[in-house]
Amino acid sequence: MITVLIGILYLFRFIFGACIFSFLTVVIFRLPKGEELVYGRSHCPGCGRVLGAGELIPCISYLVQGGKCLGCGMKISGQYFLVECLGGLAFITCSACFGSGESGFLSLRGWVAFSYMAILTVVAFIDWNTKIIYDRFHIFIALLGIAAIWLFPEHTVGERLIGAVIVAVPMLILALLIDGAFGGGDIKLMAASGWLLGWRAMIPAIFIGIITGGIYCSWMLARGKMTRKTRFAFGPFLAIGLAVSYIYGEQILTWYLSVWQI
């Protein structure tokens, strides 16, 4: 019986996270177009038809509709479904790793983590679609870092300051020496995230970003869909590294140092 209740609780957590990230899909697709984020009704980008309540159920509506608009039959981007699923998984992960708090849903530490995952998701998908990372997201991350000073006292201010420069400064130097090595948005993302995470998590984050980005480039080169001079959005891969490192970064670094007995 207890197992069933726990399962139901996690289901509600998944649904709650998916609902929040469902709104983020509005941000992802409307912000680059300069459209209203809060007051505009959800509508089909093809025929402009306002969507009904049954078409706005996170994850479920996309599957039931077969990924198409019920009005015009236009194919709906799979990013909607992916973002909503990521929201559910992010909320469950943050709850499991940072506790549920007095509310039984999510602790304050968990809310900081979940908010960071939400920002990374928006950054990753907007950068993937437009190759732009807006400065407002760096500011949001920096503000989370200020809140984390009290909520995560195990990371000192000194560690956070080192984290802000340990990856961002080398990236900046490479960007100055090699044209197109890194975008300004990527550098600022790593600086703001370093302030939030501290230096220990930033080392695994950049390595995961480079590895996943390298795998993607190799795959695209092998398929002939990219050349060695093609510029691609690196933000999504940095976001993957940062998300993993927020949860497991210090454990990964400790494991790596133990392997090499450093």
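Visitor: Is the crossing of α7 and α8 left-handed or right-handed?
Guide: The model is predicted. In it, helix α7 covers residues 168-177 and helix α8 covers residues 184-197. The crossing of these two helices is left-handed.

Visitor: At what angle do α7 and α8 pack?
Guide: Two packed helices are described by the angle between their axes and the distance between the axes. For α7 and α8 the axes are 8 Å apart, and the angle is about 165°. Angles over 145 degrees count as roughly antiparallel, so α7 is roughly antiparallel to α8. The value asked for is about 165°.

Visitor: Which residues of α8 make the contact with α7, and how do the contact residues divide by type?
Guide: On the α7 side the contact is made by A168, M171, L172 and A175. On the α8 side it is made by D186, I187, M190 and A191. By type, the contact residues are seven nonpolar, no polar and one charged.

Visitor: How many salt bridges does a search of the whole structure find?
Guide: Side chains of opposite charge can pair when their charged atoms come close. One of the pairs is R109 with E154. The search of the whole structure gives a total of four.

Visitor: How far apart in sequence are the parts that R109 and E154 tie together?
Guide: The closest N and O atoms of R109 and E154 are 3.1 Å apart, and the two form a salt bridge. R109 lies in helix α4 (residues 108-130), whereas E154 lies in the loop between α5 and α6, so the parts tied together are separated in sequence by 45 residues.

Visitor: Is E159 buried or exposed, and what is its relative accessible area?
Guide: E159 forms a salt bridge with R200, with 2.7 Å between the closest N and O atoms. E159 lies in helix α6 and R200 in helix α9, so the pair ties together parts 41 residues apart in sequence. R200 is partly exposed at 30%. Buried means under 20%, so E159 counts as buried, with a relative accessible area of 15%.

Visitor: Which residue meets R231 in a salt bridge?
Guide: R231 is in the loop between α9 and α10, and its partner is in the loop between α7 and α8, 52 residues apart. R231 is exposed, with a relative accessible area of 53%. The N to O distance is 3.1 Å, and the partner is D179.

Visitor: What separates the C-alpha atoms of G183 and I132?
Guide: G183 lies in the loop between α7 and α8. At 31% relative accessibility, G183 counts as partly exposed. G183 and I132 are 51 residues apart along the chain, and their C-alpha atoms are separated by 8.9 Å.

Visitor: What is phi of C59 near?
Guide: Most residues other than glycine have a negative phi. C59 lies in the loop between α1 and α2, and C59 is buried at 8% relative accessibility. Its phi is positive, near 70°.

Visitor: Where does K131 lie?
Guide: K131 has a positive phi near 60° and is a residue other than glycine. K131 is exposed, with a relative accessible area of 53%. Its place is the loop between α4 and α5.

Terms used: Residues are numbered from 1 along each chain as its sequence is written. This is a predicted model: local features need pLDDT of at least 70, side-chain atom pairs count only at pLDDT 80 or more; totals for chains, interfaces and linings use all residues. Side-chain values use heavy atoms; hydrogens and water are left out. Axes are lines fitted to C-alpha atoms, for helices over the stretch in contact, and angles run from 0 to 180 degrees between N-to-C directions. Helices (H or I, at least four residues) and strands (E, at least two) are DSSP runs, numbered from the N terminus. Angles under 35 degrees count as roughly parallel, over 145 as roughly antiparallel, 65 to 115 as roughly perpendicular and the rest as oblique. A crossing is left-handed if the near helix is turned anticlockwise from the far one by less than a right angle, and right-handed if clockwise. Contact means heavy atoms within 4.5 Å. Ala, Val, Leu, Ile, Met, Phe, Trp, Tyr, Cys and Pro count as nonpolar, Asp, Glu, Lys and Arg as charged, and the others, Gly among them, as polar. A salt bridge is a side-chain nitrogen of Lys or Arg within 4 Å of a carboxyl oxygen of Asp or Glu. Buried means under 20% relative accessible area, exposed over 50%, partly exposed in between (1.4 Å probe, protein chains only).
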